[in-house]
Amino acid sequence: MLEQMGKAAKEAAYQLAQCTTAQKNTALRMIADSLEANSEQILQANRLDIQFAQENGISDAMQDRLLLTKERIAAIAHDVRKVCLLSDPIGSVMDGCVLESGLNIQRKRVPLGVIGVIYEARPNVTIDVASLCLKTGNAVILRGGKETIHTNKEMTLIVQQALRAASLPEKAIQSIENPDRQWINALLKLDQYVDMLIPRGGAKLHQLCKENSTIPVIVGGIGICHTFVDESADFSKALDIIQNAKTQRPSTCNTLETLLVHENIAHTFLPLLSQRMAECKVSLHAKDAALALLQKVHAKVEPLKENELYEEWLSLDLNVMVVTDLNAALEHIRTYSSKHSDAILTKNVQHAEKFVQVVDSAAVYVNASTRFTDGAQFGLGAEVAVSTQKLHARGPMGLEALTTYKWIGYGEDLIRS
């Protein structure tokens with residue numbers, strides 16, 4: 001069964017590679033229209049998944065990722081239409097020159113081929129990935145989690161119907177509907193047909209893929225994000241940024257998880273932080289000096305455990321630590337960061353420059369919220385993932401990250417001497 005999906009995807013990729021930008025954009029617009037026209041069917045399927053989540057004790061944060069509303073479906077459709085407006089990278093010449101031999105050599109962008117994506121309770125990923133892959137001429141095999149099985153099935157059917165109506169191969173977008181984990185293991189070995197694998201989930205899923213896949217794996221999506229409040233920071237603006245980074249949508253991978261505060265301002269800043277976080281219903285977790293200071297002002301705070309510094313809360317929980325200076329903050333981030341997104345809040349230009357230079361993360365911010373690490377916010381359109389590795393792609397993966405290139409040599413009956 002999976003091998004048949006692989007063969008169909010490979011054939012679909014062959015056909016997509018020959019499509020024009022206009023053909024692909026027409027299909028994308030039809031997908032967006034179909035999502036909105038069939039929103040009630042999608043919501044019915046989503047309600048089944050939400051019911052399963054509630055009955056099986058799935059966390060509130062995960063349920064938030066899973067939940068669809070008419071507004072969220074409209075936003076997903078809007079993102080698909082935005083992909084239509086983006087430049088098609090396929091066929092663009094990256095660079096080239098005429099060599100001394102007379103050979104005109106060019107490096108041209110081409111599709112990767114077939115992409116496999118494994119993800120959990122994020123039904124919007126189904127459409128984000130489908131739209132980006134279609135725009136770049138790639139076929140995709142999707143494997144969502146058991147908690148999204150009904151929603152993903154309905155969305156995939158809608159996309160395939162739109163592809164048929166647009167005279168494009170419907171097997172360009174396929175989803176594995178069997179929740180059995182053996183299908184993941186089988187997909188990891190489907191290197192005869194799949195060119196790149198993208199896991200979007202927890203650390204265990206990423207580790208499983210890295211250890212067992214015979215297909216190149218893009219690692220990312222785990223966001224242990226930090227913000228360091230330097231001694232020169234503007235307190236009012238810093239609190240606004242922290243509130244946004246922690247509370248705008250706490251179940252996302254670019255949400256702030258650990259706040260580091262310079263010791264010279266901790267005694268005045270932490271009481272303000274405690275008050276603001278209490279207003280936002282954020283629970284604080286602190287240790288050592290931070291814990292003592294927060295307890296002194298009767299803040300709602302729990303002792304921070306060491307293992308919690310290595311994990312995503314994905315909820316209204318925030319780690320707080322006091323550090324001696326910028327170097328101590330950099331050392332903490334170097335130890336605990338997942339290399340996703342980290343930020344400094346400061347008025348000191350030298351400190352900002354050092355932070356940017358030293359922090360080895362996919363996205364680094366100065367006086368801004370980590371919530372900006374997003375394909376749409378970066379002007380890339382929808383994203384297929386956020387890569388925290390360094391080869392091929394890093395950060396939000398938009399259209400160009402789903403391409404490779406080939407060398408093309410144009411000659412006039414040339415032979416090598």
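1. What is the order of the strands in the open sheet of 3 strands? The order is β1-β2-β16, with antiparallel pairing. Strands here are DSSP runs of E with at least two residues, numbered from the N terminus, and two strands pair if DSSP finds at least two bridges between them. At the edges lie β1 (93-98) and β16 (403-410), each of which pairs on one side only. On average, neighbouring strands of this sheet are turned by 20° against each other, direction ignored; the axes are lines fitted to C-alpha atoms.

2. The model is predicted: local features need pLDDT of at least 70, side-chain atom pairs count only at pLDDT 80 or more, and totals for chains, interfaces and linings use all residues. Residues are numbered from 1 along each chain as its sequence is written, and side-chain values use heavy atoms, with hydrogens and water left out.

3. Strand β2 (residues 104-111) pairs with β16 in the antiparallel sense over 8 bridges. Within β16, K406 is the bridge partner of K108.

4. The buried residues of helix α10 are A238, L239, I241, I242, A245 and K246 (buried: under 20% relative accessible area, with a 1.4 Å probe and protein chains only). They cover an arc of only 165° around the axis, so they lie on the same side of α10; the arc is that of the directions from the helix axis to the C-beta atoms.

5. These buried residues of α10 pack against β7 (225-229), β8 (256-262), α11 (263-279), β11 (317-323) and β12 (341-345), where contact means heavy atoms within 4.5 Å.

Methods
Buried < 20%, exposed > 50% of the residue type's maximum accessible area, 1.4 Å probe, protein only. Helix = DSSP H or I, 4+ residues; strand = E, 2+ residues; numbered from the N terminus. Axes fitted to C-alpha atoms, helices over the stretch in contact; angles between N-to-C directions.
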